[in-house]
Amino acid sequence: MTDRAPPPNDNGFVPLDLDQLREMARINRIDVADMFAAAGNGHYGSCYSCTEIMTALYFSVMRVDSRNPERPDRDRFIFSKAHAAPTLYSALIRRGFLPEEWIPEYETKVGVKLMTHQSRRYQPGVDASGGALGHGLSVGAGMAVAAKFDRSDHRVYVLLGDGELHEGSIWEAAAFAPKHKLDNLVAIVDRNRLSVDGRVDEVLPLEPLADRWKSFGWDVAEVDGHDLEALVKVLDVPRIGGSGKPLVVIAHTVKGRGVSFMEDVRSWHFDVISPQQDAALRLELSEPLK
Amino acid sequence: MSLLDDPKRLGEHVADFRARHPKKPMRQEFGAIMLALAERRPDVFAVTADLMYATGLVEFGARFPDRLVNVGIAEQNMIGVAAGLGGAGKLPVVCGYAAFIALRAVEQVKVDCAYNETKVILAGLSSGLTYGVGGPTHQTYEDLATLRAMPNTIVIVPNDTVQAALAMDAAVEHPGNTPIYLRLGRGPEHVLTKPGDPFRIGRANRLCDGDDVCLVANGALTFEAYLAADILRGEGIAAEVLDMHTVKPIDREAILDAAGRVDAMVVAEEHSRSGGLGAAVLEVLEDGHDFPVARIGLEDEYPPIGPMPDLRHALGLSGEAIARRARLLLDRKRSRRGR
């Protein structure tokens, strides 16, 4: 990984090596915990399942430029499962898009800049406001169509929750992207297998999930969604000369990953944390995850 | 006997008035508008949900295949894809039916376009009753209420095909990162507008001057209000007609100016009486007014089966009905004043 050239004109950013990525993932979890501590609650489980995905994208894979957040050839990131936006805020803060001072203000009073779901209105570096599920893949597909039309080499990443795949609109977009040969579009499914009410597949079955996407005309990759090395490899799709098909990465994750008492526990989708729990969380997150 | 009280003479008068104002169909004219737009603006994309034929885009598609995005029968995706195109610097024009833009995909309009500050032109054809015998699933009388209540939207109801072209030009030139909804009809409608007529978003056009009553209308009902003013002239009543093509932002100045002069106001629209133009006018007058305001629109019930334009007229959306209502308001108001 370290021998990869930095993406051109990317504000001089050098992609992190594997150890640095692991440390950045740890920092991301702490930033998220700091935001939720300020608010008194948060979507811990939903955030910690996609920490490594976000870290791989923003610290190795994507071409973004904090000095010019709207530069036309930047890679786009559409956070469709937007209730985990604090992971994005951390990435944008650590990449220099947003000030660190915003962390302790998170959701604390009228007029602050950070809330549960990301918003282009307040946060430079955000490519699409979100919150309502089922929207992001369509928006990303539209951006990917424009990129193809403009013959630009940038890529569009869309992060979906697995529960979000219950939304019919996702499958409208899933049918659309292969028709337009959007090999510049990468959908990532955070397959943590839990939604608000329980096991995703008990609430409404998704399996056989990979076959579903294949049957819609997508390339499908399955990956351990906490394996940074594997994530970087699979997400860094060719800028030109791709397969002619959009790619979905089914990232097998653990909701609440990194904090033992949160891992795979339904109620930590969104919950209030006690001071004792917060202290235990910080102890567990004092070292990068193995 | 006055014209309004003489059915035979009124019928002849109205038929003659209508005959003097030829009709043009929206679908074909809209296709021509889009084609001309694509020719002059290389950033324009048409986005449709299997309504290429229905919105007159066949030639557009033949000439600019890369700029016609047909998403299939998937309206949520249609709006999302359009928002993505808009976010990438293109000028997407969603070409669909009003019901499927403003109701089926209303959350995508809110979140992906309005809240997300993305300019997308939403051309909703077959609005109001204009689908006629398609029935309530294809008629749309709720769109002004949904889209008007949403922050960061512009809502325009052109009165005919010529004004639709002027409105499209104004929408294209508008600098805001805002979805702009053009509420359009379907079949042939009377044409009032001339190609060089003024059109400014948020600025009503005064079609007739008069200080007795002000008739406010938009869409196809503008012609009916214009007809009503003609009928009222025969009754000795001078009616101002305001073509309130922009429902949001509404032209407060024009309404308050009329409010300072007239003894009554009648608002006519092909929309529910809740939440549409009539409601918007009353919102402007909420600080007080000393004259009656009648809202002519669709009642809180699904319309009966019927072809257009007979269905429209049967539901009281006609020049004759507007004129009667105006005369009634004025008679009441003036008899009270006389007491």
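How many residues of domain 1 of chain B are in contact with domain 2 of chain B? The count is 31 residues of domain 1 of chain B, touching 34 residues of domain 2 of chain B, where contact means heavy atoms within 4.5 Å.

Some housekeeping before I go on. This is a predicted model, in which local features need pLDDT of at least 70 and side-chain atom pairs count only at pLDDT 80 or more, while totals for chains, interfaces and linings use all residues. Residues are numbered from 1 along each chain as its sequence is written, chains are lettered from A and ligands numbered from 1 in the order in which they are written, and side-chain values use heavy atoms, with hydrogens and water left out.

Back to the two domains. In chain B, domain 1 covers 23–190 and domain 2 covers 202–338; these bounds come from an automatic or database domain assignment. Taken over C-alpha atoms, their centres are 26 Å apart. The area buried between domain 1 and domain 2 of chain B is about 2,300 Å², and carbon and sulfur atoms give 59% of that. Buried area here is the accessible area (1.4 Å probe) that two parts lose on being put together, summed over both. On the domain 1 side, Leu129(B), Tyr141(B) and Arg148(B) lose the most area to domain 2 of chain B, together 32% of what that side buries.

Arg148(B) also has a charged partner: its side chain meets that of Glu283(B) in a salt bridge, 2.9 Å from N to O. By salt bridge I mean a side-chain nitrogen of Lys or Arg within 4 Å of a carboxyl oxygen of Asp or Glu. The rule finds two salt bridges across this domain interface.

Next, the two chains. Here 26 residues of chain A are in contact with 27 residues of chain B. The area buried between chain A and chain B is about 2,100 Å², with 56% from carbon and sulfur atoms. There are two salt bridges between the chains, and Lys90(B) with Asp150(A) is a salt bridge at 2.5 Å, N to O. On the side of chain A that touches chain B, the elements giving two or more residues are helix H5 (136–149) and helix H6 (168–179) of chain A. H5(A) gives the most, with eight residues. Helices are DSSP runs (H or I, at least four residues) and strands likewise (E, at least two), numbered from the N terminus.

Last, pairs inside chain B. Arg40(B) forms a salt bridge with Asp169(B), the closest N and O atoms being 3.0 Å apart. Arg40(B) is in helix H2 (residues 26–40) and Asp169(B) in helix H8 (residues 161–173) of chain B, so the pair ties together parts 129 residues apart in sequence.

Glu240(B) and Arg261(B) also form a salt bridge, with the closest N and O atoms 2.5 Å apart. Salt bridges that share partners join Arg206(B), Asp209(B), Asp211(B), Glu240(B), Asp257(B) and Arg261(B) into one network.

Over all chains, the salt bridge count comes to 51.
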